[in-house]
Every structure is written in structure tokens, then in C-alpha cells.
Amino acid sequence: MSELARRLNQCKKPVGDQGKLVVEDMNESHYKLTGWGLDKVNILEDSTVLDIGCGGGRTVNRLVSLANKGKVCGIDYSSDCVRWASDYNKELIEEGRVFIKEASVEKLPFEDNKFDFVTAVETIYFWPHIEENIKEVKRVLKKGGKFIIINEIYDDVKFKERNEEFIKNSDMKIYSKDELKDFLKAAGYLNIQMEVKEQNNWICYVGEK
Ligand SMILES: C[S@@+](CC[C@H](N)C(=O)[O-])C[C@H]1O[C@@H](n2cnc3c(N)ncnc32)[C@H](O)[C@@H]1O
């Protein structure tokens with residue numbers, strides 16, 4: 001397996017010592033991208049927020065600084081990520097402001113209409129049934145709640161070579177602007193907004209329930 005394949009495999013489901021290194025790196029390297037995406041919404045201080053595919057837990061931590069009178073949950077299907085994200089947010093968990101659970105986006109362990117915001121940073125490439133999974137996200141959003149997708153990769157001719165290399169070395173799926181819009185539309189999201197930072201290949205979609 002190539003070094004790139006190994007890394008992308010760890011991005012899909014970080015585990016073990018190598019996964020820990022990848023997660024620590026992602027906590028750093030996704031910080032700016034995540035801030036760029038989160039700026040597209042107005043997270044109020046009493047919001048209830050879910051971060052799907054929370055990895056090392058830095059986004060969960062950051063969401064608490066926005067929803068500082070609310071609650072923030074993180075889920076990940078990697079039990080190691082749940083442990084690392086829990087360590088990262090230890091004090092906030094003890095204070096009852098953060099909950100981290102092991103779960104897949106396929107079946108979110110929450111009742112309907114619970115969250116004001118759901119974030120998905122650098123994770124939808126790996127979701128097994130994107131159209132169904134995006135509907136499952138909508139189920140747990142309150143009416144008027146927002147789903148925020150933040151990715152540093154979308155299908156675009158400018159990054160064709162690099163992106164093809166990623167696809168060849170992993171089973172990640174790289175979606176185009178239109179595909180993402182169609183998924184959100186098909187799931188019934190309203191007021192769908194998109195922003196890209198073309199020079200970086202960054203994309204952010206926001207859809208409202
Ligand atoms: C590239 S990492 C991004 C982690 C974190 N969001 C960040 O920005 O640093 C992708 C994360 O999504 C998680 N993930 C992938 N598929 C998932 C699924 N079906 N359900 C829940 N989490 C998933 C992985 O375990 C991994 O932690």
C-alpha cells in the first residue's frame with residue numbers, strides 16, 4: 001500500500017498509533033478551513049450542535065466557544081476517535097457541555113428535531129450512502145436548523161490530477177458542486193447556499209430543514 005493510500009485510509013477511519021498521528025495533524029490542518037466554513041452560519045450561544053465525524057475533537061471544542069450556553073455532541077464511528085475526542089474535550093465533558101458518542105451517520109443515536117446545527121467537516125467523502133445519510137441528518141435537525149458541509153476538496157478541473165490520485169488511492173468519493181446541491185435538494189433541504197474558495201478547492205454548503 002502506498003503512503004498516500006495508508007494516509008487516506010486513516011482519514012476514512014483513524015485507528016491505532018498511526019491514526020492518532022493523523023488525527024492530531026487534522027486537528028491542526030483543518031482549523032482554518034473549519035473556521036472559514038463556520039463563518040457562513042450564525043451559531044447562537046444557546047444552540048444545540050452535532051459534529052458528525054468529529055475525529056480528534058477540535059471542532060467540537062470550537063463549537064462550544066460559539067454555543068457557550070448550549071450543548072455540543074460529537075459522533076464518530078471510530079472508537080479510537082471517540083476516545084481521542086473525549087480526551088481533547090475532557091473538562092467540557094465533565095461540565096456536561098459536551099457529549100461524544102460512537103455512532104455512524106447511517107443511524108444517528110438521537111431523537112428527531114434535536115439540533116439547531118449539524119456540522120460535517122471533511123467527512124462526507126467516506127459516508128456509505130450519501131443521499132440516505134444526508135436525509136438521516138435532516139431527521140435530527142430542528143425545523144429551521146442548518147446542516148453545514150465543509151470540505152477542502154470538490155470535483156473541479158483545476159485540481160483534477162490531484163483529486164484523481166486521491167480517488168485511485170482510496171475509496172473516498174469526491175463530489176462536484178452540482179452533485180452536492182442535488183443531494184441536499186433530494187433530501188428536501190431549503191435555502192441551500194454554497195461558497196467555494198476556488199484557489200484552495202474548498203467548498204461549504206449550508207442547507208436548512
Ligand atoms: C478526514 S477525518 C475528519 C475529522 C474531523 N472532522 C476533522 O476535520 O479533523 C473523517 C472523520 O469522519 C469519520 N467518519 C467517516 N465515516 C463515518 C461514518 N459513516 N459515521 C461517522 N463518522 C465517520 C472518520 O472516522 C474520521 O474521524
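I take a polar contact to be a pair of N or O atoms within 3.5 Å, where within protein one must be able to donate a hydrogen and the other to accept it, and residues adjacent in sequence count only if both atoms are side-chain atoms. The model is predicted, with local features needing pLDDT of at least 70 and side-chain atom pairs pLDDT 80 or more, while totals for chains, interfaces and linings use all residues. Residues are numbered from 1 along each chain as its sequence is written, and side-chain values use heavy atoms, with hydrogens and water left out.

I looked up Val-121 and found one of its backbone N or O atoms 2.9 Å from a nitrogen atom of the ligand. A polar side-chain atom of Asp-76 is 2.6 Å from a ligand oxygen atom, and a polar backbone atom of Lys-12 is 3.5 Å from an oxygen atom of the ligand. The protein covers 98% of the 590 Å² of accessible area that the ligand has on its own (Shrake-Rupley method, 1.4 Å probe).

Ligand shell. I noted 22 residues around the ligand, of which His-30, Gly-53, Asp-76, Val-121 and Thr-123 come nearest (a residue is near if one of its heavy atoms lies within 4 Å). By class, this shell has 12 nonpolar, six polar and four charged residues, with Gly counted as polar.

Asp-80. I placed Asp-80 in helix α5, residues 79-88 (a helix is a DSSP run of H or I, at least four residues). Its side chain makes a polar contact of 2.9 Å with the side chain of Arg-83. Why does Asp-80 count as buried? I count Asp-80 as buried because its relative accessibility is 16%, and buried means under 20% relative accessible area (1.4 Å probe, protein chains only).

Methods: Helices (H or I, at least four residues) and strands (E, at least two) are DSSP runs, numbered from the N terminus. Buried means under 20% relative accessible area, exposed over 50%, partly exposed in between (1.4 Å probe, protein chains only).
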